[in-house]
Amino acid sequence: VYEDDHIILMNKPTGLICQPDERETFNTLANQLVSYLIRKGDYDPSRENAFVPALCNRIDRNTQGIVIGAKTSAALMIMNEKVKRRELDKVYQCLVFGLPSPRQADCTAYLKKDSATNTVKVIDSPAPGYRDIRTAYRTLATDGTVSRLEVSLYTGRTHQIRAHMAHLGHPLLGDTKYGTARRNEGLPFRFQALSSCKVTFSFPTDAGILNGLKGKTFSVEPFFADWDICRNLTELS
């Protein structure tokens with residue numbers, strides 16, 4: 001999506017994991033980044049004692065979209081701090097069942113992760129073990145049965161968009177973890193219809209060597225943009 005001397009923005013496809021896990025240790029986005037930079041001549045592991053190019057953010061294996069990689073140790077340090085301070089604005093798009101009411105909302109709930117099942121549970125009121133989540137959505141298009149949403153996160157919890165939208169009664173198409181297999185029968189979705197499609201480097205504080213990115217926005221098309229189900233939706237003003 002974008003590359004300079006310090007960072008690279010990659011459009012991760014569905015099905016590719018960002019970092020190694022118990023199922024996949026070789027074909028990961030992190031390893032692909034290192035391999036690309038070695039081939040390009042931008043990184044020579046024989047001359048580096050400590051630094052390895054690394055990812056600055058992650059998205060789920062089956063979520064498509066923008067992931068930021070650091071090519072230098074200085075860039076990694078700065079970008080990690082900016083991500084931690086939430087000085088980047090990330091926007092997602094997704095397809096959900098039904099038409100949310102209201103069509104635009106800023107929603108707060110509480111989420112608890114179950115590491116054993118790699119799932120989360122969302123409830124409406126505070127409870128022990130639950131962390132607050134805040135999700136904003138806007139309906140972009142709909143046919144009344146399916147809607148395309150733009151979603152922004154004020155908190156970045158595990159499976160937040162998928163679980164929160166399902167809790168609101170509008171699970172994502174293709175998501176059988178928080179939706180149902182029955183509801184997805186006959187639909188051409190192998191993965192949840194979710195894309196991390198836009199990032200803006202807002203940077204209210206100094207970013208050093210990355211100051212040139214301040215105010216810039218980069219975007220990609222959601223992988224489901226050309227599906228028939230999307231072309232049949234009516235755009236909303």
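Predicted model: local features only at pLDDT ≥ 70, side-chain atom pairs only at ≥ 80, totals over all residues.
Residues are numbered from 1 along each chain as its sequence is written, and side-chain values use heavy atoms, with hydrogens and water left out.

**Exercise 1. Determine which residues of helix 3 are buried, and what covers them.**

Solution. Helices (H or I, at least four residues) and strands (E, at least two) are DSSP runs, numbered from the N terminus, and buried means under 20% relative accessible area, exposed over 50%, and partly exposed in between, with a 1.4 Å probe and protein chains only. The buried residues of helix 3 are Gln160, Ile161, Arg162, Ala163, His164 and Met165. Because six of the eight residues in this helix (160-167) are buried, helix 3 is largely enclosed by the rest of the structure. The cover over these buried residues includes strand 5 (88-97), strand 6 (104-114), strand 7 (119-123), strand 8 (131-142), strand 9 (146-153) and strand 10 (194-201). After the helix comes Gly169, with a positive phi near 95 degrees.

**Exercise 2. Describe the pairing of strand 5 and of strand 6.**

Solution. Two strands pair if DSSP finds at least two bridges between them. Strand 5 is antiparallel to strand 10, over seven bridges, and in this pairing Leu88 has Phe201 as its bridge partner. Strand 5 also runs antiparallel to strand 9, again with seven bridges, and here Tyr92 faces Val151. Eight of the 10 residues of strand 5 are buried, so this strand is largely enclosed by the rest of the structure.

Turning to strand 6, eight bridges connect it to the antiparallel strand 8, where Thr108 is opposite Arg134. Five bridges link strand 6 with strand 7, also in the antiparallel sense, and Leu111 is opposite Val122 in that pairing. Strands 6 and 7 make a hairpin with four residues between them, and Asn118 in the turn has a positive phi of about 55 degrees.

**Exercise 3. Locate Phe201 in the largest nonpolar core.**

Solution. A nonpolar core is a set of buried Ala, Val, Leu, Ile, Met, Phe, Trp, Tyr and Cys residues joined through side-chain atoms within 4.5 Å. The largest one has 20 residues, and Phe201 is among those with the most contacts inside it, together with Ile7, Leu9, Met79, Phe203, Leu210 and Leu213. Two or more residues of this core come from each of strand 2 (7-12), strand 4 (64-70), helix 2 (73-84) and strand 10. Counting a contact as heavy atoms within 4.5 Å, and leaving aside neighbours within four places in sequence, Phe201 has contacts that include Ile68, Glu87, Leu88 and Phe218.
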